[in-house]
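My notes follow in the order I looked things up.

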Amino acid sequence: MSIPYFLGGALAGAGMLTGLVFWDERRTAKKNKHDFTPENAAVMKLNEVCRHLNVYFLKINMLSLKCDIDYYKNCFFCWDPPLELISDGLIQKARNKIDSFITHTGRKMAFISLRDKKVAMEKLYAQYRPVFVRANRILAKQGIMGVRLNNFTLSRRPFKLDNDLSNDDWFDNFESLCGQLHDFVTATGEACERLISLLKGEDPDVKAMIADAGLPEDCVPTPASV
């Protein structure tokens with residue numbers, strides 16, 4: 001698949017995700033004019049918890065899709081420094097200087113854009129973390145273990161990039177930083193799916209545990225019971 005075709009599909013996907021989030025938030029705004037606070041999250045009902053987890057899942061994956069666009073855009077432009085030869089004339093040397101400036105600027109802007117997305121992901125998770133906590137507490141009341149939240153952070157590994165033209169590994173370094181963001185999105189996204197599945201009593205492991213213990217099926221929380 002060519003890069004232009006990929007970018008076209010990525011942009012279409014971003015538009016769809018944006019539309020879904022916007023639609024959900026418009027519907028939410030009719031019920032509550034303000035965003036939830038940690039205090040609100042602490043008393044959320046099960047249905048509301050699931051809804052906000054779904055919204056987080058859409059928003060974090062939209063940011064991830066924007067990272068993909070940045071990554072493939074850099075694949076297209078490459079940002080490789082110009083090849084300078086001893087035999088270059090004055091005009092070619094002038095072109096090399098211009099190309100070097102463009103490459104250095106492009107590398108710097110690409111990193112800044114990626115760093116901004118990292119900050120956006122951290123802020124988004126910090127906003128929705130109380131919902132994750134509430135989901136775990138609802139499950140704990142039913143004797144069901146939720147998900148561990150301690151490892152959901154982007155601050156444990158350095159997020160730096162040497163944008164100098166002498167860095168021949170720049171693209172590999174950029175790809176590694178993209179990988180850090182993708183790992184974070186995957187981990188928190190899977191946590192969302194896990195929590196929603198547990199809250200709705202759809203998790204096969206929980207059903208098997210209940211059956212093995214001889215407990216009634218309604219011991220798993222349902223939207224009507226919490």
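**Overall build.** I looked up the secondary structure and found 6 helices and 0 strands in the protein. Read along the sequence, that gives α-α-α-α-α-α.

**Ground rules.** This is a predicted model, with residues numbered from 1 along each chain as its sequence is written, and with pLDDT of at least 70 needed for local features and 80 or more for side-chain atom pairs, while totals for chains, interfaces and linings use all residues. Side-chain values use heavy atoms, with hydrogens and water left out.

I checked how much is tucked away: of the 226 residues, 38% count as buried. Buried means under 20% relative accessible area, exposed over 50%, and partly exposed in between, using a 1.4 Å probe and protein chains only. The protein exposes about 13800 Å², and carbon and sulfur atoms supply 57% of that. Those areas come from the Shrake-Rupley method with a 1.4 Å probe; for residues, only the protein chains shown count as cover. Among contacts with a separation of 6 or more, 77% are between residues 24 or more positions apart; a contact means heavy atoms within 4.5 Å.

**Cysteines.** How many disulfides are there? I get 0, with the rule being a pair of cysteine sulfur atoms within 2.5 Å.

**Aromatic pairs.** I count 11 aromatic pairs. Rings of Phe, Tyr and Trp (its six-membered ring) pair if their centres lie within 6.5 Å; planes under 30 degrees apart are stacked, over 60 edge-to-face, and the rest tilted. Tyr 56 and Phe 132 are edge-to-face, because their planes sit at 90°, with ring centres 5.4 Å apart. Tyr 56 is in helix α3 (residues 46-77) and Phe 132 in helix α4, so this pair ties together parts 76 residues apart in sequence. Both Tyr 56 and Phe 132 are buried.

I also noted Tyr 71 with Phe 171, a tilted pair at 5.6 Å centre to centre and 40° between the planes. It links helix α3 to helix α5 (residues 170-199), 100 residues apart. Tyr 71 is buried at 15%, whereas Phe 171 is partly exposed at 21%.

Then I followed the ring pairs: they link Phe 36, Tyr 56, Tyr 125, Tyr 128, Phe 132, Phe 152 and Phe 184 into a cluster.

**Salt bridges.** My search of the whole structure turned up 2, defined as a side-chain nitrogen of Lys or Arg within 4 Å of a carboxyl oxygen of Asp or Glu. Asp 70 and Lys 117 meet at 2.9 Å, N to O. Asp 70 lies in helix α3 and Lys 117 in helix α4, so they tie together parts 47 residues apart in sequence. Asp 70 is buried at 8%, and Lys 117 is buried at 13%.

Glu 122 and Lys 118 meet at 3.0 Å, N to O. Both lie in helix α4, 4 residues apart, about one turn of the helix. Glu 122 is partly exposed at 28%, while Lys 118 is buried at 12%.

**Surface patch.** Which residues make the nonpolar surface patch of about 330 Å²? I found Ile 98, Phe 101 and Ile 102. Patch residues have over 30% relative accessible area and no salt bridge; like charges are joined within 9 Å and nonpolar side chains (Val, Leu, Ile, Met, Phe, Trp, Tyr) within 5 Å. Ile 98 lies in helix α4 (residues 90-141) and is exposed at 51%.

Methods. Helices (H or I, at least four residues) and strands (E, at least two) are DSSP runs, numbered from the N terminus.
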